[in-house]
Each structure stands twice: as structure tokens, then as C-alpha cells.
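Today I am opening a new model and keeping notes as I go.

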Protein chains: 2
Amino acid sequence: MSLRFAILGSLAVQPASGYDLVKRFDKTLNFVWWASHGAVYTELGKLQADGFVEPHETGPRGRQSFAISDAGQDALREWLRTPAVRHARDDLILRVFSLWLLDDDAAAAYLDDLATEFRGRLAEYESRVRDEPAPDSGTDGRAHAFDQLALSAGIAHERTMLAWAEDAARQVRAGED
Amino acid sequence: MSLRFAILGSLAVQPASGYDLVKRFDKTLNFVWWASHGAVYTELGKLQADGFVEPHETGPRGRQSFAISDAGQDALREWLRTPAVRHARDDLILRVFSLWLLDDDAAAAYLDDLATEFRGRLAEYESRVRDEPAPDSGTDGRAHAFDQLALSAGIAHERTMLAWAEDAARQVRAGED
DNA sequence: ACATACATGTAAATGGTTACATGATTGT
DNA sequence: ACAATCATGTAACCATTTACATGTATGT
């Protein structure tokens, strides 16, 4: 259900084609959302049928970009007012509940792998903060400021999980588990 | 795909019925996983067909509990060796990317709501640590130790996100966003 | 007697992934 | 010429939710 709002949110910043959207998700909000192109084209079709997006420009190779409509903006604002409840499933931590089946070395090795994973993500998000271009003149930078706010949540999360994983691996090795 | 391993992991600790599993998920690993009873019964059927679980006991009201089989334990251990890659979608943070559409007061109010949500979860997980009974004599407490390890990840996460949300709301109100 | 909790199962619908299928443009 | 990338769309499949459907045991 949220894919449609991820799309609307992205189009609210700037019109885009399905192709663009997949790449934008991947570049900017891949730590909270992503989409396969199959899903995006399907959802764009539905959004158009609902009148939430409108064809914007056509380009070479059948390129078709879309813009958000007024109704689409209303729907997006409405969604922002609806508090989300259930938080995400987490496959990585789910495994920790079964780690007692492995011996201490193997369990600690899993936690090491987790730490490596978190370290990599953290580095990537941090570089994204540094490399982020100053917002285009012409926009007021407000959207960009909130992008950075969201990104800082991602960074805080990865940092915390990295510390947790390192400490957990240490505990398991020390037999404190 | 992970539901089957959540089930196997729970059965590895102790045999259970479908009804039990839904409640166990809800009580112990609800911050990383949950399941509707419809999904659980369906998956238990498949697991039995695959030989990963076996009927254990029958009780009143058609109660049927299952135990994990040797093949099921092997599958579970195998899954633990497979590093998970993609991390979870996060609806709550996704909204932050569109918060620039609201005025500062409304955006800050959304962040306040998030903070309240995180505060509630944090309190609940912390009480879970306190109230957790000492592991049954008869088991060696190893499974319990890893439960606590996973729970500590949940606590660290909520604490971090709470601090982030409070700070973000403050920033937005101060017009620093 | 009645409410509550126990207990299971399935069908329809939803949301998404993966694979299949096609073709145009650009850069080397 | 050829490879890479741009660009779209759909069909089959998968996991999960929600709703429908049923019935039993326990406690008050």
C-alpha cells in the first residue's frame, strides 16, 4: 500500500518516468523503500486511473514521465496524517533468536557478518550526506532538508546496530551469552 | 520466506500448535516478526509436507501441536548460514521524505507522534527484560540468552529512534530543517 | 446459561517479485 | 558492428492479510 505513496512523494518533488522512479528509490530512499520495475509500472497505471498522476512528457525510446495531480497531492497529505502502526519485519534480527543452535564460534561469526553489513551501510549513508549536492536554486531546499532528516535516521540506526552487533559478538565469544 | 524459519526456530525451542505459535510470536519476537493465524496454519501444512515438522501431541478442541524434525533442524541451521541481504522497508521513515509538504507545525507533530510510538515500544521491551522469568531448569538457558540478545537489539533501536525523533521535531520547530 | 478463550481451517483479495518479452538509442 | 543502457509492459508466481466459517472447553 505504501508503494503508491512512495511514488507520489517522489513525483511531488519532480516529475519522473517509471524508469526514473526505480533509480531514484535506489539512490535516495533505498534504506526505507525500494521497488521492482514491474511493481512501479503497475502502480503508475493504477495511479493514473485514480487521477493521482498525469502524463507529463514523452521522450525517446517510449519514455513517458508523469507528474502528480492536485488530487494526488491531497492523497499524499492525507497519508501523512495517518499514523503508521506496525513496524517492519526484520529478517536479520529474527535469525538471532535461533543462533543458540550454532556453537559459539559460528554464532559470533554470524554477528560479525551483521556488523560488516551495518558498517558498509553506515559508510554509504555517511558518504551520501557529504556528497549530497546543495539543493537546486529554484527550489527552496525544504524537500532536501527533510531528505537529510530521514537520512540521519538511517545513519543513527546503522550506527546503533553496528555497536550492538560488535558488542553481541564480543559477549558470545566471552561466553557471556 | 522467513515465516517458515520463524516457525522452525520457535519449534526448535519447544513443540507448539499453530495457535501457540501466533501467541509466542506476539509475546517474544513481535518486534522483528509476527504472523496471522491464516499464514501459520498454511505454512505448518507445507512444513509437514516437506518433512520439516512432525505431529507431536493432540489435545482438547482439536489442538494439534508439532515438533521440529531432524530435517527441519538442518534446514534451520542452513538458513542461519545464509546471510540476509535486503533490510526491511520502513513505512514510518518513508513518510519523513514527504513531510516537507506539510507546514512546520504539522511536520513536527508527525515527529512527535513517532516519538510517542518509539517511547511506548521502548518501555514495553524494557519491561520485558525485567519480567522475563529465569530460564526453566531442565534447559541450559542458551536459547534464553540469545532471546535477550535479540531483545537488546530491539531496545537499542527504539532508544535511538526515540532520540532521533525528539531531536528532529525540535529542529523542525526551530526552523533548522 | 453465557461469555470468553481456545483452536483450526480455507477462500478471496492484496501487494509484491521474478521472469518473460520487446525494442530504441547512445557511445565506442 | 556491438555492447550497454534506456525504457516499457505483462504474466506467473509467491507470501501474506482479511474475512468467512466452524466448533469446543472453561470459568463464572
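**Entry 1: how the copies meet.** I began with the interface: 100% of the interface residues of chain B are also interface residues in chain A, so the copies meet through the same surface. Contact here means heavy atoms within 4.5 Å.

A note on ground rules: this is a predicted model, where local features need pLDDT of at least 70 and side-chain atom pairs count only at pLDDT 80 or more, while totals for chains, interfaces and linings use all residues. Residues are numbered from 1 along each chain as its sequence is written, chains are lettered from A and ligands numbered from 1 in the order in which they are written, and side-chain values use heavy atoms, with hydrogens and water left out.

**Entry 2: the symmetry.** I looked up how chain B superposes on chain A, and found a rotation of 180° with 0.0 Å of shift along its axis (RMSD 0.1 Å). The two copies are thus related as by a two-fold rotation axis. The C-alpha of B:Ala88 is the nearest to the axis in chain B, at 3.0 Å.

**Entry 3: the cavity.** How many cavities of 30 Å³ or more does a search of the whole structure find? I found one, and the largest cavity holds about 440 Å³ of space. Of its 29 lining residues, the closest to the centre are A:Ala88, A:Asp90, A:His157, B:Asp90 and B:His157. By class, the lining has 16 nonpolar, six polar and seven charged residues.

- A cavity is a set of points on a 1 Å grid over the protein atoms alone where a 1.4 Å probe fits but cannot get out, and lining residues have an atom within 4 Å of a point.
- Points are joined across faces, edges and corners, and the volume is the space filled by probe spheres set on them.
- Ala, Val, Leu, Ile, Met, Phe, Trp, Tyr, Cys and Pro count as nonpolar, Asp, Glu, Lys and Arg as charged, and the others, Gly among them, as polar.

**Entry 4: the sheet in chain A.** I traced an open, antiparallel sheet of three strands in the order β1-β3-β2. β1 (16-17) and β2 (53-58) of chain A are at the edges with a single partner strand each, so one side of each has no neighbour in the sheet. Two bridges join β1(A) to β3 (residues 64-68) of chain A. Strands are DSSP runs (E, at least two residues), as are helices (H or I, at least four), numbered from the N terminus; two strands pair if DSSP finds at least two bridges between them.

Conventions
On a 1 Å grid over the protein atoms alone, a cavity is a set of points where a 1.4 Å probe fits but cannot get out, and a pocket is an open set with protein on both sides within 12 Å along at least five of seven lines; lining residues have an atom within 4 Å of a point. Copies are superposed by least squares on the C-alpha atoms of residues with pLDDT of at least 70 in both.
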